[in-house]
Amino acid sequence: MPFPPGLADAIRTKLDVGALPTALPEKMYAGYGRGHPCVACGEPIRAAQVEYEMDYGGDHIFRLHLGCAGLWEAECRLRGYRRD
Ligand SMILES: [Zn+2]
């Protein structure tokens, strides 16, 4: 599935303003979507789609589509936030 135009730019902007995390979470889960909005693209994560749930503890939980999580991780690596 191709990414919507502008999605990578949206993820970069959210990283710039702190709306997306810059490090991997303590815990990460993958499952099917439950209708929660994706923090990267804003679209709901539907039951037929894979949802990545990144748990940073407390109320700091970020849910992303599988593809959006991949773009987020790639951008973090490009910026040098991750070195492993
Ligand atoms: Zn998304």
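Biologist: How do you know whether the radius of gyration agrees with that of a compact globule?

Modeller: This is a predicted model. With 84 residues, a compact globule would have a radius of gyration near 12 Å. The chain has 12 Å, so the value agrees. Along the principal axes, the C-alpha atoms fill a box of roughly 35 × 30 × 25 Å.

Biologist: Which elements does the chain hold, and how do they run from the N terminus?

Modeller: There are two helices and three strands. Their order is α-β-β-β-α.

Biologist: Why is helix 1 called oblique to helix 2?

Modeller: Helix 1 (residues 7–17) and helix 2 (residues 66–78) pack at an angle of about 60°, with axes 10 Å apart. Roughly parallel needs an angle under 35 degrees, roughly antiparallel one over 145, and roughly perpendicular one of 65 to 115; the rest count as oblique. The angle of about 60° therefore makes helix 1 oblique to helix 2.

Biologist: What is the hand of the crossing of helix 1 and helix 2?

Modeller: Helix 1 passes helix 2 in a right-handed crossing.

Biologist: Which residues make the contact of helix 1 with helix 2?

Modeller: Helix 1 brings L7, A8, I11, R12 and L15. Helix 2 brings L71, W72 and E75. The test for a contact is C-beta atoms within 7 Å.

Biologist: What makes strand 1 and strand 3 edge strands?

Modeller: The three strands form an open sheet in the order 1-2-3, with antiparallel pairing. Strand 1 (27–32) and strand 3 (61–65) each pair on one side only. Neighbouring strands are turned by 20° against each other on average, direction ignored.

Biologist: How do you know that strand 1 and strand 2 pair?

Modeller: Pairing takes at least two bridges. Strand 1 and strand 2 (residues 50–55) have six, in the antiparallel sense. Y32 has V50 of strand 2 as its bridge partner. K27 stands opposite D55 in strand 2.

Biologist: How many bridges join strand 2 to strand 3?

Modeller: Five bridges join them, and the two strands run antiparallel. E53 has R63 of strand 3 as its bridge partner, and M54 stands opposite F62 in strand 3.

Biologist: What lies between strand 2 and strand 3 in their hairpin?

Modeller: Five residues lie between them. In the turn, G57 has a positive phi of about 90°.

Biologist: Where does helix 2 lie on the strands?

Modeller: Helix 2 lies across strand 2 and strand 3. To strand 3 it runs at about 110°.

Technical notes:
Residues are numbered from 1 along each chain as its sequence is written. This is a predicted model: local features need pLDDT of at least 70, side-chain atom pairs count only at pLDDT 80 or more; totals for chains, interfaces and linings use all residues. Axes are lines fitted to C-alpha atoms, for helices over the stretch in contact, and angles run from 0 to 180 degrees between N-to-C directions. Helices (H or I, at least four residues) and strands (E, at least two) are DSSP runs, numbered from the N terminus. A crossing is left-handed if the near helix is turned anticlockwise from the far one by less than a right angle, and right-handed if clockwise. Two residues are in contact if their C-beta atoms, placed from the backbone, lie within 7 Å. The radius of gyration is taken over C-alpha atoms; the globule rule is 2.2 Å times the number of residues to the power 0.38.
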